[in-house]
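Here is a short note to read alongside the model. Please keep the structure open while going through the points.

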Amino acid sequence: MPTNLDKWDVENEQFWNNEGKKIASRNLWISIPSLLCGFAVWLYWSIITVQMLNLGFPFSQPELFTLSAIAGLSGATLRIPSSFLIRIAGGRNTIFLTTAMLMIPAVGTGIALQSMATPIWVYYLLALLSGIGGGNFASSMSNISFFFPKKVQGTSLGLNAGLGNFGVTTMQILIPLVMTMGIFGGEPMTLVTSSGTLIGKIPAGTATYIHNAGYVWLLLLIPLAFAGWFGMNNITTDAVSPNIGSPPLCFTKILGLLAIAFVTASLGLYLLLPAPIGLGLLSKWIVLPLVIAATVYGMKYLTSGALRANLDRQYRIFNNKHTWAMTIIYTMTFGSFIGYSAAFALSIKVIFGYSHLLVDGVMTHNTINANGPSALTFAWMGPFIGALIRPVGGKIADKLGGAIVTQWVSIVMIVSALGCAWFMKAAYGSATPEDYFVPFLILFIILFAATGVGNGSTFRSIAMIFDKEQAGPVLGWTSAVAAYGAFIIPQVFGEQIKATTPEYALYGFAIFYFLCLALNWWFYTRKNAYIQNP
């Protein structure tokens with residue numbers, strides 16, 4: 001089988017059954033674990049930061065929330081160029097290189113975590129680099145959308161995204177386990193407060209190999225890089241990846257466009273973060289649009305020749321009102337999933353791991369709660385359900401239509417967010433916050449499940465609304481904007497916890513979900529909608 005496929009017509013039933021299905025399936029099953037590792041490296045700060053607290057690293061809670069936020073902003077920004085890489089460089093070339101690049105932050109994290117003297121700016125840099133894993137989602141989804149016919153787009157994209165998103169759950173289960181063993185050498189550190197794994201609590205005083213959280217991903221990334229290079233294909237038809245050139249040329253184009261996004265993300269963070277790391281000049285609500293605009297226009301005006309012409313052709317998606325409608329709706333589903341995944345573990349630790357006591361008439365939040373749940377024991381559950389149910393959401397949407405499913409998802413998310421807010425408020429004002437943990441956890445799992453179903457339904461809608469050439473870039477673009485949820489949600493939780501009003505975060509998200517409900521109704525489910533239930 002040639003590496004480059006110059007004939008690809010999966011809407012032709014005979015071609016699909018005789019040739020296309022086998023090739024598409026092979027590419028999908030290499031894509032999924034590669035994407036899984038991308039999510040794991042991107043979001044492993046949500047678990048590492050909890051263990052850094054447990055080990056007594058000399059950083060504040062807001063600084064640790066900022067690590068997840070930096071990775072979130074970086075990954076989301078890298079998704080912008082990644083949205084357009086498949087047409088420019090081909091699927092096989094793109095997935096191979098971006099998967100191999102994940103080894104850089106993985107090794108760096110392993111080295112940095114071996115010493116408590118490592119300064120916070122080193123972790124900020126590593127969090128920025130781990131955004132490579134976040135960017136990979138856009139190119140992966142765009143690539144897989146070209147391999148499958150429209151009749152199974154909801155299912156195939158749901159499998160790629162859903163099982164790929166298991167990187168969050170895999171990371172949340174695997175990292176706590178490997179930190180209990182000296183499998184990669186190095187000196188252990190001693191827990192100051194209790195930690196946990198999937199099977200229960202680990203008492204204070206236990207030796208912990210936190211650096212394994214970085215090194216363990218090499219066991220998967222090395223063979224996956226080989227699998228991507230030798231097992232995947234570039235579709236070199238006019239509608240997908242024409243005239244991509246040699247692999248070295250493709251790698252140069254990929255690295256050049258990703259470099260633009262790294263620069264814009266870094267500048268945005270410099271304007272956003274407080275001294276001594278940054279200037280702290282602008283609000284995140286100003287910085288994010290500036291970063292997005294700088295990345296889009298930087299790609300347009302810092303390139304030339306065939307590369308610029310290629311981007312200009314793909315940029316036509318921005319003239320379509322449905323691109324903007326689906327971007328907002330997809331942000332509700334995937335943005336919530338990825339943002340809550342980044343913030344969930346540390347939120348459990350901060351809200352339920354401490355007793356909230358009145359001392360001299362002032363509410364305090366720094367007394368360790370001996371009866372508090374272990375964040376590392378429970379944090380995997382929500383992302384696990386959200387990822388597991390995503391292919392199911394795609395299948396349901398293939399049968400019922402994407403917009404109808406999205407409408408019901410919006411309602412569930414509004415109700416669940418408001419319920420979580422109520423229990424969060426009650427817990428944060430209680431000396432025994434563990435009394436409110438079970439209903440809080442159940443509602444948050446429902447919220448995660450709704451985001452998973454909604455992801456599947458929005459994939460279906462995008463595949464039906466846009467033609468073959470535009471569907472891939474639109475999937476990538478919407479996922480890029482939605483991925484800023486991985487920056488916004490940890491930041492908002494961190495700010496509201498600092499202000500002692502964590503429930504306000506979920507009130508704000510519930511309002512946004514209501515706006516998405518109205519937008520989905522107006523565009524796709526009302527009687528005279530622009531496109532009826534795509």
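**Notes on the model**

1. Start with Ser34, which lies in helix α1 (residues 13-43). Helices (H or I, at least four residues) and strands (E, at least two) are DSSP runs, numbered from the N terminus. Ser34 is buried, with a relative accessible area of 3%. Buried means under 20% relative accessible area, exposed over 50%, partly exposed in between (1.4 Å probe, protein chains only). The side chain of Ser34 reaches the backbone oxygen of Ile30 at 2.9 Å. Leaving out residues up to four places away in sequence, Ser34 touches Ile95, Thr99 and Leu224. Contact here means heavy atoms within 4.5 Å.

2. A word on the basis. This is a predicted model, in which local features need pLDDT of at least 70 and side-chain atom pairs count only at pLDDT 80 or more, while totals for chains, interfaces and linings use all residues. Residues are numbered from 1 along each chain as its sequence is written, and side-chain values use heavy atoms, with hydrogens and water left out.

3. Now the whole chain. It has 23 helices and eight strands. Its radius of gyration is 22 Å, close to the 24 Å that the globule rule gives for 534 residues, so the chain is as compact as a globular protein of that length. The radius is taken over C-alpha atoms, and the rule is 2.2 Å times the number of residues to the power 0.38. Of the 534 residues, 64% count as buried.

4. Which residues touch the most other members of the largest nonpolar core? They are Trp217, Tyr340, Phe444, Phe493 and Leu506, in a core of 178 residues. Helix α15 (residues 321-352) gives the most to this core, with 18 residues. Such a core is a set of buried Ala, Val, Leu, Ile, Met, Phe, Trp, Tyr and Cys residues joined through side-chain atoms within 4.5 Å. Leaving aside neighbours within four places in sequence, the contacts of Leu506 include Tyr340, Phe444 and Phe493.

5. The structure holds 48 aromatic pairs. Tyr340 and Phe444 form one that is edge-to-face, 5.2 Å centre to centre with 90° between the planes. The pair links distant parts of the chain: Tyr340 is in helix α15 and Phe444 in helix α20 (residues 437-465), 104 residues apart. Rings of Phe, Tyr and Trp (its six-membered ring) pair if their centres lie within 6.5 Å; planes under 30 degrees apart count as stacked, over 60 as edge-to-face and the rest as tilted. Tyr340 counts as buried at 1% relative accessibility, and Phe444 at 2%.

Conventions
A polar contact is a pair of N or O atoms within 3.5 Å; within protein, one must be able to donate a hydrogen and the other to accept it, and residues adjacent in sequence count only if both atoms are side-chain atoms.
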